[in-house]
Amino acid sequence: MDGDFVIGGTFFIHFKVQTVLNNYITKPEPARCTGSFNARDLRFSRTMIFAIKEINNSTELLPDIKLGYQIYDTCASGLVAAHVAFQLSNGQDPVFYKGSSCSQMGMVTAVVGDSGSTSSISMARIIGPFNIPQVSHFATCACLSDKQQYPTFFRTIPSDQFQADALAKLVKHYGWTWIGAVRSDSDYGNYGMASFLDAVQKEGICVEYSESFFRTDPRSKIKKVADVIRRSTALVVVAFVAAGDMIILLQELALEPTAPRQWIGTEGWITDPLLMSFSFCAGAIGFGIQRSVIPGLKDFLLDLSPTEVATSSVLTEFWEDAFNCSLTKNADPEKKVCDGNENIKTLKSPYTETSQLRASNMVYKAVYAIAHAIHNTLCHKRNFTTQCDRNIRLEYKQVFTALQKVNFTRNGYPVSFDANGDPVAFYELINWQMSESGDVELITVGNYDASLPKGHEFQIKRNIFWVEGRTQVPVSVCSQSCPQGTRKVLQKGKPKCCYDCVPCPEGEISNTTDSLDCFPCTNEFWPNTERNACFPKPVEFLSFDEVLSIILAALSVTGACLAITTTVIFFCHRTTPIVKANNSELSFMLLFSLTLCFLCSVTFIGVPSEWSCMLRHTAFGITFVLCISCVLGKTVVVLMAFKATLPGSNAMKWFGPPQQRMTVVFFTFIQVLICTIWLVLSPPFPMKNLTTYKEKIILECALGSAVGFWAVLGYIGLLAVFCFVLAVLARKLPDNFNEAKMITFSMLIFCAVWITFIPAYVSSPGKFTVAVEIFAILASSFGLILCIFAPKCFIILFQPEKNTKKYLMNKI
């Protein structure tokens with residue numbers, strides 16, 4: 001259509017270009033469009049015409065100025081788009097409606113289009129150097145935001161960079177870490193997928209495969225891509241694909257049905273009505289352009305009569321393809337002739353589908369953006385009226401500059417461009433849901449607004465129906481999440497999303513799912529059974545409420561009671577010969593020391609404290625030396641007594657009661673001195689043993705100085721051995737006067753107990769170390785009291801006839 005200023009338009013009315021073999025002899029003919037007819041882009045072109053007519057009838061926008069248009073079919077081909085760009089630059093009159101009388105009144109002021117990124121790039125590289133503005137409604141490649149390469153390119157649809165980020169956040173939101181990816185082998189698909197893969201890599205998502213194809217590829221190539229999808233283990237497939245390519249892929253997949261896949265789509269195909277016939281894609285979700293309402297557009301699109309259609313070759317092709325009839329009798333013998341009863345208002349076609357106006361609104365806004373740029377250049381308000389000068393020669397540079405500044409709202413939708421020529425990104429989240437009638441419907445379930453603060457751009461407002469009509473979010477992972485208490489170990493030769501879950505080693509935990517590492521608990525903590533939390537280690541010591549402690553304490557008290565009972569018996573019979581003959585003073589001292597020996601074992605039970613640690617070792621050392629000193633004194637008395645019976649011997653004069661007391665005090669004082677030095681220099685102290693057992697804490701008394709401990713023990717052993725030797729020497733003396741045999745047996749038991757104590761003490765773990773020490777004390781104490789005093793008590797109580805001086809003086 002002619003006009004004072006002409007706007008160019010380019011759309012994909014067809015999807016293919018007729019292949020021509022040139023002979024290089026004659027001039028090649030221009031490329032011709034062929035293949036399937038694209039009714040949706042026909043709607044786009046008619047929307048452009050509608051917008052221009054609406055502007056021409058407006059009294060506010062470009063009053064008294066008529067806009068014209070030149071619309072081209074680029075056949076989704078970069079080659080044809082380049083040819084069209086030259087036509088637009090040169091001002092040639094293309095043929096959209098063949099047979100119409102179109103005259104060129106001027107150069108094209110600006111261009112709306114193209115419907116794809118590759119063809120838009122071809123055009124932008126040609127018309128850009130001439131400063132001809134280009135406003136695309138459907139070219140989303142992020143590369144077109146590069147103002148150095150495409151300085152005059154604008155678009156009303158958001159860049160794929162925003163969409164790639166939104167898709168990555170969508171995949172991350174639903175926990176899909178194992179996905180497949182397919183893309184159009186074009187600038188749209190390659191650049192878009194590159195941005196998406198970069199975004200998902202930052203989110204830690206793995207891509208099992210990434211395949212590319214183009215609709216003109218051989219069927220073998222398309223089949224290969226379809227087979228990759230069929231064989232894959234990834235349930236989710238992200239398709240950065242143009243609508244014309246997607247239909248070819250879905251047709252191939254439909255030939256050999258496979259396991260259902262959860263399709264994630266881009267605006268390039270997710271809202272295309274032609275693809276919704278593939279029911280196995282029901283449940284697909286993706287981002288679509290915002291749905292809109294354009295008042296009057298539906299009536300304009302449906303206002304077609306057979307007579308009007310016949311005047312246009314493009315509309316004729318659409319009509320015949322939609323109703324499967326021929327408008328002319330001889331056009332196609334296989335088709336019936338249209339009888340004139342065809343009603344476009346009842347036709348179900350992408351052309352008549354106006355309930356989901358999305359890309360059509362982008363065309364509508366593109367036309368209005370150019371019109372506002374022209375208006376702002378030519379028109380001025382004077383006396384409350386707008387006046388425009390149609391005679392001014394409008395330069396491309398002026399329109400380009402004005403386009404950069406446009407900012408208006410039409411039908412409630414804002415229109416403006418940033419420094420890169422991009423609008424504010426806003427997408428609707430579209431879900432393909434199966435209706436009760438069995439048809440696939442487009443349902444808006446959420447949106448994505450890039451202008452909102454980070455983290456709040458993505459919103460879900462309705463329930464989503466997934467693949468196969470599920471309401472639960474499908475799972476698409478290479479490996480299931482590793483639970484707490486395990487860590488991830490990557491599988492060799494596979495992406496990082498493929499891993500094995502290995503339990504944390506002993507002493508370490510992981511308290512998050514999919515943990516890469518386990519970390520150890522602190523010294524006083526230990527993992528629970530699940531190894532997902534650290535708990536305080538159980539504290540172990542020989543407590544009074546344990547069975548073992550109760551038994552040992554009972555034996556200790558029993559031994560003390562036995563020693564006291566023996567003391568009482570001896571005291572009651574202190575005037576009898578058997579008590580007098582066995583040195584009653586040393587016997588009472590020995591019984592007193594044995595009582596202390598039994599009772600000192602109780603100090604080893606309970607929570608170790610600073611005082612108990614010092615008391616238990618020193619009390620044990622001193623009481624036992626006192627005990628052995630008494631036994632040693634009794635042994636020496638036996639020897640001296642028999643030595644004194646020899647003629648001329650006065651040995652007993654040198655070992656009477658005072659000397660015996662001094663001997664006991666002397667030997668005991670040496671042990672007291674050793675213990676004092678030990679306590680002063682490096683005393684025993686309570687400590688937490690964290691090394692013997694990893695899983696528990698042992699409360700024990702550290703020796704402080706090992707030399708001090710072994711000095712105390714060694715001194716006891718030295719006295720015991722000396723006593724044992726003397727007792728052995730005296731064992732053959734007459735029985736009735738001699739207790740050396742009993743001392744020998746008692747010292748033999750004593751030495752045997754403490755010799756076995758040393759390795760048992762060193763090797764016993766935890767609280768059993770203390771138990772071994774208590775057992776050694778009790779065993780040696782019982783050995784002494786039973787061997788030395790039990791026979792005498794038996795005679796005193798049960799054989800009193802033997803407790804006489806006559807019997808004791810009798811020599812057998």
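The side chains of D198 and K202 form a salt bridge, with N and O 3.6 Å apart; a salt bridge is a side-chain nitrogen of Lys or Arg within 4 Å of a carboxyl oxygen of Asp or Glu. The model is predicted: local features need pLDDT of at least 70, side-chain atom pairs count only at pLDDT 80 or more, and totals for chains, interfaces and linings use all residues. Residues are numbered from 1 along each chain as its sequence is written, and side-chain values use heavy atoms, with hydrogens and water left out.

**Salt bridges**

- The whole structure contains 16 salt bridges.
- D198 and K202 both belong to helix α5 (residues 187-202), where four residues, about one turn of the helix, separate them.
- D198 is partly exposed because its relative accessibility is 39%, whereas K202, at 67%, is exposed (buried means under 20% relative accessible area, exposed over 50%, partly exposed in between, with a 1.4 Å probe and protein chains only).
- R215 and D245 are joined by a salt bridge of 2.8 Å, N to O.
- This pair links distant parts of the chain, 30 residues apart: R215 is in the loop between β9 (206-213) and α6 (219-231), and D245 is in helix α7 (residues 243-255).
- Both R215 and D245 are buried.
- K696 and E540 also form a salt bridge, their closest N and O atoms being 2.6 Å apart.
- K696, in the loop between β29 (685-689) and β30 (697-702), is 156 residues from E540 in strand β28 (residues 539-540).
- K696 counts as buried because its relative accessibility is 18%, and E540 is buried at 11%.

**Surface patch**

- F669, V672, L673, I677, V680 and L681 make a nonpolar surface patch of about 600 Å² (patch residues have over 30% relative accessible area and no salt bridge; like charges are joined within 9 Å, and nonpolar side chains, Val, Leu, Ile, Met, Phe, Trp and Tyr, within 5 Å; areas come from the Shrake-Rupley method with a 1.4 Å probe).
- L673 lies in helix α17 (residues 657-681), and L673 counts as partly exposed because its relative accessibility is 43%.

Notes:
Helix = DSSP H or I, 4+ residues; strand = E, 2+ residues; numbered from the N terminus.
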